[in-house]
Amino acid sequence: MWQALYEELGDKGFVPISVALDESPDAARPYIEKANPQHPSLIDTEHVVAHRYGLINVPAVIWIDEAGKIVRPSTAEYGTDQFVQFHGRESGPFLDAVRAWVNTGEVRTDEAVPSHMPAPTDDEEVARAEWALAWFLHQQGKTEAAAQHFARAGELSPDDWTIRRGSMPIQGQNPMGPEFFELFKDWEARGKTTHATMAAEREN
Amino acid sequence: MGTTPFTLIDKGQPHRIDSTNEGSTLRLATKPLLEALGWTQKTEGLCRGDVCIPIASQPDLITQQGADLLALGGVLGRKVAVDREASTASIGEETAVNRAQLAQGIAPDFTLPDLSGKEYSLSSYRGKKVLLIAYASW
């Protein structure tokens with residue numbers, strides 16, 4: 001869908017930049033090859049973008065204007081309605097909002113859009129250092145030591161799905177399987193509602 | 001005191017640096033450590049370009065045995081995670097810059113490769129409206 005939006009709006013000074021927070025280029029390859037994007041479609045195995053923007057889940061979509069300013073902070077948005085029953089966030093209003101932004105400069109928001117990008121807390125920063133350590137140890141074949149640091153990262157930053165769910169495929173767990181449902185239960189138990197409103201809730 | 005080879009990960013890159021354990025304090029060889037992190041030790045303190053951080057008030061930060069990694073992380077505003085058994089540590093980003101940028105609504109820059117390895121930077125798209133989409137197969 002982002003490619004279709006690029007074809008529609010690309011000659012008006014608009015460019016989507018998609019970033020896959022996957023553990024390897026090969027994990028993202030099937031999705032990228034299927035979409036065949038002509039816009040930048042990047043691979044972020046170290047979660048650099050998650051770190052710098054304080055993102056705690058995917059998808060996370062941010063509007064950046066011509067001057068490099070964030071004009072609409074991160075929200076969970078979807079290019080299609082394929083999984084709308086699960087996440088409850090329709091793509092249509094968002095895509096129309098993007099069109100309006102490109103065509104008129106109007107920045108439309110709704111209840112899911114936070115007023116600013118919250119900076120990572122100290123614990124979240126330590127969690128990211130723990131995650132990077134775990135990821136390296138895992139690549140060195142030290143899976144047990146890695147598991148301890150993945151777990152520590154999750155304890156320090158329990159709402160960060162880029163850490164907790166993002167480490168599942170690395171550790172040979174199914175990100176749609178039992179470990180995910182455990183994570184989801186734990187997340188709900190701490191009073192979280194839906195993925196779409198996560199970013200806005202985080203402000204409180 | 002004997003030294004042990006140690007690995008410090010910074011921005012995904014491993015740096016091999018000799019280490020010593022001084023009780024509970026982990027010290028890494030000062031010069032290679034500072035070099036890996038882009039700093040040099042001068043009379044003014046720790047310097048990078050025009051910026052110097054005075055360290056005279058912390059005599060234990062850098063000794064003959066090396067630099068205290070956790071304390072150095074504190075001085076540089078970078079979080080450190082350590083695995084002593086694996087002789088490996090990771091040092092986080094300098095988030096003060098990012099925090100300040102996010103607080104002002106400035107989009108932090110990044111450079112990342114595509115599937116073919118070609119690198120792209122956000123900053124090269126100034127003048128365009130950018131839709132930044134972070135996603136994952138999980």
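Two strands count as paired if DSSP finds at least two bridges between them. Keep that in mind, and remember that this is a predicted model.

Select strand S1 (14-20) of chain A and strand S13 (residues 129-135) of chain B. The two run parallel, joined by 7 bridges. Now zoom in on Phe14(A): standing opposite is Lys129(B) in S13(B).

**Next: the whole contact.** Select the residues where the chains touch: chain A puts in 66 and chain B 46. On the chain A side, the elements that give two or more residues include helix H2 (25-35), helix H5 (91-104) and helix H7 (143-156). Which element gives the most to this side? Colour H6(A), which supplies 9 residues; you'll find this helix at 122-139.

**Then: the largest nonpolar core.** This core has 41 residues, and Val19(A), Ile62(A), Leu132(B), Ile133(B) and Ala134(B) touch the most other members. At least two residues each come from S1, S2, H3, S3 and H5 of chain A, along with S13 of chain B. S13(B) is the top contributor, with 6 residues.

Stay there and click Val19(A). Beyond its neighbours within four places in sequence, Val19(A) is in contact with Leu42(A), Asp44(A) and Val49(A) from chain A, plus Leu112(B), Ile133(B) and Ala134(B) from chain B.

**Last stop: another core.** Select Trp131(A), Leu137(A), Ile9(B) and Leu76(B), which are among the 35 residues of a second, separate core.

Conventions: Residues numbered from 1 in each chain as written. Chains lettered and ligands numbered in written order. Predicted model: local features only at pLDDT ≥ 70, side-chain atom pairs only at ≥ 80, totals over all residues. Contact = placed C-beta atoms within 7 Å. Helix = DSSP H or I, 4+ residues; strand = E, 2+ residues; numbered from the N terminus. Core = buried A, V, L, I, M, F, W, Y, C linked by C-beta atoms within 7 Å. Buried ≥ 20, exposed ≤ 12 C-beta atoms within 10 Å, placed from the backbone.
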